[in-house]
Amino acid sequence: MKEKISAYIDSELAAEEIDPIVESLRHEPNARDDWLLYHLTGDAMRGHSTMDDGFSKGIIERLKTVKIDPSYDPLDNSKV
Amino acid sequence: MDSSDTDTDLDLVRRTKLGERHTFDMLVVRHQRMLAQVISRYVKSPQQIEDVTQEAFIKAYRGIMSFRGESKFSTWLYRIGVNAALSFLAAERSRIPLYEPSINPNTNEPIIPQIVDNESPDRLLATQQISETVSNVLEKLPEELRIAITLREIDGLSYEEIANVMDCPVGTVRSRIFRARESISKVLRPKLEMFREKRW
């Protein structure tokens, strides 16, 4: 499972293998930690500043109150 | 890459559009450091960087239907981040009175304020600890694992390209990259727990 998460991060997982990985990332905290740590490793190697994972939790919490708007384009500056 | 493999960002966006909201959370974890890095070139205080990064993700989620895959998702997000930073700066400029520098009475020259580093001490410490941990573990890894993960993370090569460089099967590349990540994660995991406890 962990090796598949690693391959999915790199867009190297066969299409038919993806659904169970996404499900495990949805339900298993350990799988989510692997997702975070493997990304953190790559970002640290590239010299990116480390963000608190409480920060991403804050964003995720706020996203729960946001709805997808099919008419909204974030790159259309005439509609803010 | 095998022809049946799927771009992970596009797959997660597709799932988000279908209503699987948690898959956008995975995109947040995946891209937050890149996005914050971009925004930190325009906005200087750590709190403002976090606010603008959050705002950019909110805009991206709200407008996800407008992403049609004509560019990479990371490029689209990058543009949203830059726009959010520029909007933030414009709003700040309209709110803050024009800067008038103080004059040094001895030299009669304007006093230039020092540029404030955009990293808080806690974040600097965490960044330093994590990058030191990653480099220390990397140094000790067997050469074939170190080369495989470097070609992937730094040079951005696909598994097939790495297999050509390292003259080994693609499956071996996949395994080497995973083993490298897992070796680093084992050492990083307790640090992650420590940062969570500190709630910095």
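This is a predicted model: local features need pLDDT of at least 70, side-chain atom pairs count only at pLDDT 80 or more; totals for chains, interfaces and linings use all residues.
The crossing of α1(A) and α2(A) is left-handed. On the α1(A) side the residues that meet are Lys4(A), Ile5(A) and Tyr8(A), and on the α2(A) side they are Glu17(A), Ile18(A) and Ile21(A). By class, the residues of this contact between α1(A) and α2(A) divide into 4 nonpolar and 2 charged, with no polar ones.

Read from the N terminus, the elements of chain A run α-α-α-α. Chain A has 80 residues, and 34% of them count as buried.

Chain A also touches chain B. Here 51 residues of chain A are in contact with 63 residues of chain B. On the chain A side, each of the helices α1 (2-9), α2 (15-27), α3 (29-45) and α4 (53-63) supplies at least two residues. The helix that gives the most to this side is α3(A), with 12 residues. Sorted by class, the side of chain A that touches chain B has 27 nonpolar, 11 polar and 13 charged residues.

The rest of this account turns to chain B, starting with its helix α1. This helix covers residues 8-17, and the buried residues in it are Thr8(B), Asp9(B), Leu12(B), Val13(B) and Thr16(B). Around the helix axis these residues cover an arc of only 135°, so they lie on the same side of α1(B). After α1(B) comes Gly19(B), which has a positive phi, near 105°.

Next come two helices of chain B that pack against each other. Helix α2 of chain B takes in residues 22-39 and helix α3 of chain B residues 46-62; their axes come within 10 Å and cross at roughly 135°. The crossing of α2(B) and α3(B) is right-handed. From α2(B), the contact is made by Phe24(B), Val28(B), Gln32(B), Leu35(B), Ala36(B) and Ile39(B). From α3(B), it is made by Ile49(B), Val52(B), Thr53(B), Ala56(B), Phe57(B) and Tyr61(B). The residues of this contact between α2(B) and α3(B) divide into 10 nonpolar and 2 polar, with no charged ones.

Gly81(B) sits in helix α4 of chain B, which spans residues 73-95. A residue is buried if 20 or more other C-beta atoms lie within 10 Å of its own; Gly81(B) has 26 C-beta neighbours inside 10 Å and therefore counts as buried. Apart from its neighbours within four places in sequence, Gly81(B) is in contact with Leu35(B), Val38(B), Ile39(B) and Ala56(B). Among these, Leu35(B), Ile39(B) and Ala56(B) also take part in the contact of α2(B) with α3(B). Gly81(B) and Ala180(B), by comparison, are 99 residues apart in sequence, with 31 Å between their C-alpha atoms.

Methods: Residues are numbered from 1 along each chain as its sequence is written. Chains are lettered from A and ligands numbered from 1 in the order in which they are written. A residue is buried if 20 or more other C-beta atoms lie within 10 Å of its own, exposed if 12 or fewer, and partly exposed in between; C-beta atoms are placed from the backbone. Helices (H or I, at least four residues) and strands (E, at least two) are DSSP runs, numbered from the N terminus. The arc is that of the directions from the helix axis to the C-beta atoms. Two residues are in contact if their C-beta atoms, placed from the backbone, lie within 7 Å. Ala, Val, Leu, Ile, Met, Phe, Trp, Tyr, Cys and Pro count as nonpolar, Asp, Glu, Lys and Arg as charged, and the others, Gly among them, as polar. Axes are lines fitted to C-alpha atoms, for helices over the stretch in contact, and angles run from 0 to 180 degrees between N-to-C directions. A crossing is left-handed if the near helix is turned anticlockwise from the far one by less than a right angle, and right-handed if clockwise.
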